[in-house]
Each structure stands twice: as structure tokens, then as C-alpha cells.
Amino acid sequence: MMETRDYGFAKVRDEQLELGRRVRDLLASKGIVSVAADGFGAPGVVVSYTSDA
């Protein structure tokens, strides 16, 4: 926590949100559909449907 505090809590939050958005966008661009409804995806958890075993 101290390391994160020193780095900046707001900066970490913003980077987590950006990472989650980019992962979701990448998967969507490959045709992989998110389990979460539009606008309800969590930034740190990505769960998607796939038919690929």
C-alpha cells in the first residue's frame, strides 16, 4: 500500500481503468463477447464468452 501511495492512488486507478478498457476493446475487436452488459464491465475483471475449448 505504501508503494502504491507513493506512486499515486489516483494514477493507479486511472491506469487500471485504462487497462480494463483496452483489454475489453481488444477482445471485442476479435469478436469475443463480454459476459457483462454494455457499461457494466468491471475494470479489473474481464469475463467473456468463447466457443474455443
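# Chat about a predicted 53-residue chain

User: What volume does the largest pocket have?

Analyst: About 230 Å³. A pocket here is an open set of points on a 1 Å grid over the protein atoms alone, with protein on both sides within 12 Å along at least five of seven lines, whereas a cavity is a set where a 1.4 Å probe fits but cannot get out. Points are joined across faces, edges and corners, and the volume is the space filled by probe spheres set on them.

User: Which residues are closest to the centre of that pocket?

Analyst: Of the 15 lining residues, those are Arg24, Ser34, Ala36, Ala37 and Asp38. Lining residues have an atom within 4 Å of a point.

User: And what's the lining like by class?

Analyst: Eight nonpolar, four polar and three charged residues. Ala, Val, Leu, Ile, Met, Phe, Trp, Tyr, Cys and Pro count as nonpolar, Asp, Glu, Lys and Arg as charged, and the others, Gly among them, as polar.

User: Before we go on, what kind of model is this?

Analyst: It's a predicted model: local features need pLDDT of at least 70, side-chain atom pairs count only at pLDDT 80 or more, and totals for chains, interfaces and linings use all residues. Residues are numbered from 1 along each chain as its sequence is written, and side-chain values use heavy atoms, with hydrogens and water left out.

User: Got it. How many helices and strands are there?

Analyst: Two helices and zero strands. Both kinds are DSSP runs numbered from the N terminus: helices are H or I with at least four residues, strands E with at least two.

User: What about the overall dimensions?

Analyst: The C-alpha trace spans about 45 × 25 × 15 Å along its principal axes. The chain has a radius of gyration of 14 Å, while a compact globule of 53 residues would be near 10 Å. That radius is taken over C-alpha atoms, and the globule rule is 2.2 Å times the number of residues to the power 0.38.

User: How much of the chain is buried?

Analyst: Buried residues make up 6% of the 53. Buried means under 20% relative accessible area, exposed over 50%, and partly exposed in between (1.4 Å probe, protein chains only).

User: Switching topic: how many salt bridges does the structure hold?

Analyst: Four. The term means a side-chain nitrogen of Lys or Arg within 4 Å of a carboxyl oxygen of Asp or Glu. One of them joins Arg5 and Asp6 at 3.1 Å, N to O.

User: What does Arg21 pair with?

Analyst: Arg21 meets Glu18 at 2.7 Å, N to O, and Asp25 at 2.6 Å, N to O. Salt bridges with shared partners join Glu18, Arg21 and Asp25 into one network. Glu18 and Arg21 are three residues apart in helix H2, about one turn. Asp25 and Arg21 are four apart in helix H2, so about one helical turn separates them.

User: Last one: where is Val47, and what does Val47 touch?

Analyst: Val47 sits in the segment after helix H2 (9-29). Leaving out residues up to four places away in sequence, Val47 touches Ser34, Val35 and Ala36, where contact means heavy atoms within 4.5 Å. Val47 is partly exposed, at 46%.
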